[in-house]
Amino acid sequence: MIKIALVGATGIVGQQAIVSLINHPWFKITKLAASERSAGKKYRDALKDANGASKWWCPEDMPEEIAEMVVEDAALFDPTTVDMIFSTVDTSAAKELEPKYAKTTPVISTASAFRYEEDTPILIGGVNMEQAQLLDIQRKKRDWKGFIAPKSNCTISGLVVSLKPVLDKYGVKQVIMVSQQAMSGAGRTPGLSAMDMTENVVPYIPGEEPKVETEPQKILGKFVGDAIVAAPFGISATCTRVPVLDGHLVSAFVQTEKPCTPDEVKEVMKDFGREFCALALPSSPKHLIEVTDDPFRPQPRVDRERGGGMTVTVGRIRKDPLFANGIKYVCLAHNTKLGAAKGALQTAEYLAKYYLKLI
Ligand code: NAP
């Protein structure tokens with residue numbers, strides 16, 4: 001078994017990672033770490049708030065073995081005690097911790113701290129795993145035995161997966177998107193206030209739009225020589241927070257280079273990802289995208305668990321009435337599964353098997 005440390009184990013994404021790793025055929029969590037607030041406590045106690053209420057968030061029971069593990073201080077954690085680290089900490093902590101760990105040990109991260117570094121790919125299953133080659137350059141340049149491989153921002157996970165087949169077949173000139181993002185996307189420290197969110201929509205998410213407007217071009221770029229050349233299209237984003245627990249919904253307008261009909265777009269999306277899914281990684285779904293003809297879908301509550309939370313649901317594919325080569329659609333992705341913990345796990349599976357050759 002490949003020994004995994006989960007750093008940031010007490011957060012929303014950390015909890016989702018624990019659930020995703022239950023009975024995993026290749027990986028076993030052997031260490032848990034978080035901030036000094038949680039360090040030294042048994043995991044179940046570290047999750048208790050000031051009133052003693054548990055902040056365990058998942059519908060699955062907390063595994064007893066995990067509940068009994070003592071959480072270590074991430075700042076003092078010895079990365080050489082494990083084979084791989086899942087980092088699900090805040091970005092400011094990730095900036096400090098991840099390079100320390102990567103000196104000796106591979107780090108798969110859900111934080112944004114290293115996403116924008118030139119020598120760091122943002123890997124998404126089925127979309128750009130060939131960019132894993134950049135990890136060789138990162139390791140050489142930084143003299144690391146390990147590496148940092150970050151996941152993308154959760155809001156764009158559905159957008160990028162759905163854009164990839166369109167880009168490959170028709171080219172993309174520009175994208176305009178509006179997101180309706182779930183509350184779990186804000187994490188738990190401190191998390192969102194029920195007073196702000198109940199019966200309400202908040203039209204601004206600090207720091208989100210710049211990420212959404214730049215990450216997809218890097219992810220959808222080409223690996224040329226020893227660097228990624230970003231895909232040459234622009235994105236204009238408006239990101240909003242809505243009172244939904246899990247599942248980020250994105251309404252996208254895409255102007256393509258070549259003309260295409262909604263039916264053609266539907267077909268390329270439905271076909272997308274066959275080869276990657278055929279690798280049958282433990283966390284991969286049967287289909288990367290499912291397209292629905294029901295005009296009332298996708299809906300977060302109904303569609304977010306498709307493919308174990310790893311399938312993107314696309315609906316309402318239609319022609320834009322104003323712009324030439326304009327296609328509009330709505331896509332939904334589970335933000336803590338595909339967009340964070342389980343997506344990171346899928347990346348770890350791919351890298352363990354095809355890059356590190358540990359399997
Ligand atoms: P969260 O619920 O607020 O959890 C944050 C975690 O980081 C906790 O385990 C916390 O430990 C730990 N932490 C905070 N400061 C630390 C420090 N100085 N040293 C060590 N550990 C520290 O956040 P989250 O939603 O799980 O998000 C985790 C990361 O994933 C963030 O970088 C976030 O941007 C990213 N992300 C989140 C989502 C999502 O949908 N939520 C999606 C994609 C990416 P304590 O409990 O001990 O404080």
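Axes are lines fitted to C-alpha atoms, for helices over the stretch in contact, and angles run from 0 to 180 degrees between N-to-C directions. Helices (H or I, at least four residues) and strands (E, at least two) are DSSP runs, numbered from the N terminus.

The model is predicted, with local features requiring pLDDT of at least 70 and side-chain atom pairs counted only at pLDDT 80 or more, while totals for chains, interfaces and linings use all residues. Residues are numbered from 1 along each chain as its sequence is written, and side-chain values use heavy atoms, with hydrogens and water left out.

**View 1. Packing of helices H6 and H9.** H6 and H9 pack at an angle of about 115°, and their axes lie 9 Å apart. The crossing of this pair is right-handed, meaning that the near helix is turned clockwise from the far one by less than a right angle. From H6, Ser-162, Pro-165, Val-166, Lys-169 and Tyr-170 take part in the contact (heavy atoms within 4.5 Å). H9 contributes Glu-264, Val-265, Val-268 and Met-269.

**View 2. The buried residues of helix H9.** In H9 (residues 262-271), the buried residues are Val-265, Lys-266, Val-268 and Met-269. Buried means under 20% relative accessible area, exposed over 50%, and partly exposed in between, with a 1.4 Å probe and protein chains only. These residues of H9 pack against helix H6 (156-170) and against strands S12 (289-292), S13 (312-319) and S14 (326-333). Just after H9, Gly-273 has a positive phi of about 90°.

**View 3. Packing of helices H1 and H13.** H1 (residues 12-21) and H13 (residues 341-355) pack at an angle of about 55°, with axes 8 Å apart. H1 and H13 are therefore oblique to each other; angles under 35 degrees count as roughly parallel, over 145 as roughly antiparallel, 65 to 115 as roughly perpendicular and the rest as oblique. The crossing of H1 and H13 is right-handed. Val-13, Gln-16, Ala-17, Ser-20 and Leu-21 of H1 meet Ala-341, Lys-342 and Leu-345 of H13.

View 4. The domain assignment, automatic or from a database, gives domain 1 (2-151 + 341-355) and domain 2 (156-333). Their centres, taken over C-alpha atoms, are 24 Å apart. The contact takes 31 residues from domain 1 and 31 residues from domain 2. A nonpolar core is a set of buried Ala, Val, Leu, Ile, Met, Phe, Trp, Tyr and Cys residues joined through side-chain atoms within 4.5 Å. Among the 88 residues of the largest such core, Phe-27, Tyr-43, Tyr-329 and Leu-351 touch the most other members. Apart from it lies another core, of 18 residues, including Ala-5, Val-82, Val-107 and Ala-111.

**View 5. The surroundings of Trp-57.** Trp-57 lies in the loop between helix H2 (43-46) and helix H3 (64-67). At 25% relative accessibility, Trp-57 counts as partly exposed. Not counting residues up to four places away in sequence, Trp-57 touches Ile-12, Gln-15, Ser-184, Arg-188, Leu-245 and Asp-246.

**View 6. The surroundings of Gln-217.** Gln-217 is part of helix H8 (residues 208-219). With 9% relative accessibility, Gln-217 counts as buried. Residues up to four places away in sequence aside, Gln-217 touches Ala-230, Ala-231, Phe-233, Gly-234 and Ile-235. The C-alpha atoms of Gln-217 and Val-229, twelve residues apart along the chain, are separated by 8.7 Å.
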